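Hi,

Here is the structure I promised to pass on.

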Amino acid sequence: MNFTAVAAIYRFEMARFFRTIAQSLFSPVLSTSLYFVVFGAAIGGRIQEVEGVSYGAFIVPGLIMLSIMTQATSNASLGIYFPKFIGTIYELLSAPVNFLEITAGYVGAAATKALFIGIVILATAYLFVDIQIAHPIAMVAFLLMTCFSFALLGFIIGIWAGSFEQLQLIPLLVITPLVFLGGSFYSITMLPPIWQTVTLFNPVVYLISGFRWAFFGTSDVSIGVSLFAVFLFMSACLTAIWWIFRTGWRIRQ
């Protein structure tokens, strides 16, 4: 493993993030505050508790997951797409680095940015509700796994995309709806039985359920199934990236 190359890519991507640090901080804080006003105050006034947890606290894991999934995907896709757009990807491909090192640099930076945003949102949530984290180690583990898995997905999207418009296609039309329909702001047990079954085909359900279990000790699906789903998703993304670099799909073509 060429750690010098990985560190160089990582530092370059993080430098771009810190150049817009004020915007990176202000946007999630404002969005989280608005969600608490709309969902926590308006809807929370009608729904006092969900599975023994106050509704304001119940939506915190969903808010964090919504943000880190979209942030990890967007940062990773833009990070690899921009070298393709300006043509510097060929210099990277001709350098003595393999696909794992390239992926580690871009994905690591995107995951770090998403993790930073997740921590900011969690800190903001403490200003609105009282949160008790039942399993802090599991919470951190799920947070890291989600950041890395969706950064891997964003890396694939960045390679696939042929324009800046396509970069936003998957996050806006696929990921965001799946998060909203995956139990971010409600428990799937509140749905009719037929819709509970349909919802279980949504892969985001397992991520949100496992993350919520780390907070409150309750989940819609078992923690073991959630972990298996995360590892399966990460393995599929890594396999796809290996195939992309092996064949040169959308990179050398």
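This is a predicted model: local features need pLDDT of at least 70, side-chain atom pairs count only at pLDDT 80 or more; totals for chains, interfaces and linings use all residues.

Residues are numbered from 1 along each chain as its sequence is written, and side-chain values use heavy atoms, with hydrogens and water left out.

**Salt bridges**

Side chains of opposite charge can pair when their charged atoms come close. Searching the whole structure gives 2 salt bridges (a side-chain nitrogen of Lys or Arg within 4 Å of a carboxyl oxygen of Asp or Glu). Which residues do they link into a network? Glu-13, Arg-16 and Lys-113.

Glu-13 pairs with Arg-16, with 2.4 Å between the closest N and O atoms. These two sit 3 residues apart in helix H1 (residues 3-19), so about one helical turn separates them. Helices here are DSSP runs (H or I, at least four residues; strands are E, at least two), numbered from the N terminus. Glu-13 is buried at 4% relative accessible area, while Arg-16 is partly exposed at 24%. The cut-offs are under 20% for buried, over 50% for exposed and partly exposed in between, using a 1.4 Å probe and protein chains only.

The other bridge joins Lys-113 to Glu-13, their closest N and O atoms being 3.8 Å apart. That pair ties together distant parts of the chain, as Lys-113 is in helix H6 (residues 99-125) and Glu-13 in helix H1, 100 residues apart. Both Lys-113 and Glu-13 are buried.

**Aromatic rings**

The count comes to 14 aromatic pairs. Rings of Phe, Tyr and Trp (its six-membered ring) pair if their centres lie within 6.5 Å; planes under 30 degrees apart are stacked, over 60 edge-to-face, and the rest tilted. One of the pairs is Phe-180 with Phe-185, which is tilted, at 5.5 Å centre to centre and 40 degrees between the planes. Phe-180 is partly exposed at 31% relative accessible area, whereas Phe-185 is buried at 6%.

Then there are Phe-211 and Phe-215: their ring centres are 5.1 Å apart and the planes meet at 75 degrees, so this pair is edge-to-face. They are 4 residues apart in helix H10 (residues 204-216), which puts about one helical turn between them. Phe-211 is buried at 0% relative accessible area, and Phe-215 is buried at 1%.

Arg-212 lies over the face of Phe-58, 3.9 Å from the ring centre (the rule wants NZ of Lys or CZ of Arg within 6 Å of the ring centre and within 35 degrees of the ring normal).

**A nonpolar patch**

Ring pairs also link Tyr-81, Phe-82, Phe-85 and Phe-164 into a cluster. On the surface, Phe-82, Phe-85, Ile-86 and Phe-164 form a nonpolar patch with about 390 Å² of accessible area together. Patch residues have over 30% relative accessible area and no salt bridge; like charges are joined within 9 Å, nonpolar side chains (Val, Leu, Ile, Met, Phe, Trp, Tyr) within 5 Å. Areas come from the Shrake-Rupley method with a 1.4 Å probe, and for residues only the protein chains shown count as cover.

Helix H4 (residues 60-86) gives the largest share of the patch, 3 residues. Phe-164 lies in helix H8 (residues 164-180) and is partly exposed at 35% relative accessibility.

Arg-250 has a positive phi of about 65 degrees although it is not a glycine. Arg-250 falls in the segment after helix H11 (223-247) and is partly exposed, with 35% relative accessible area.

Cheers
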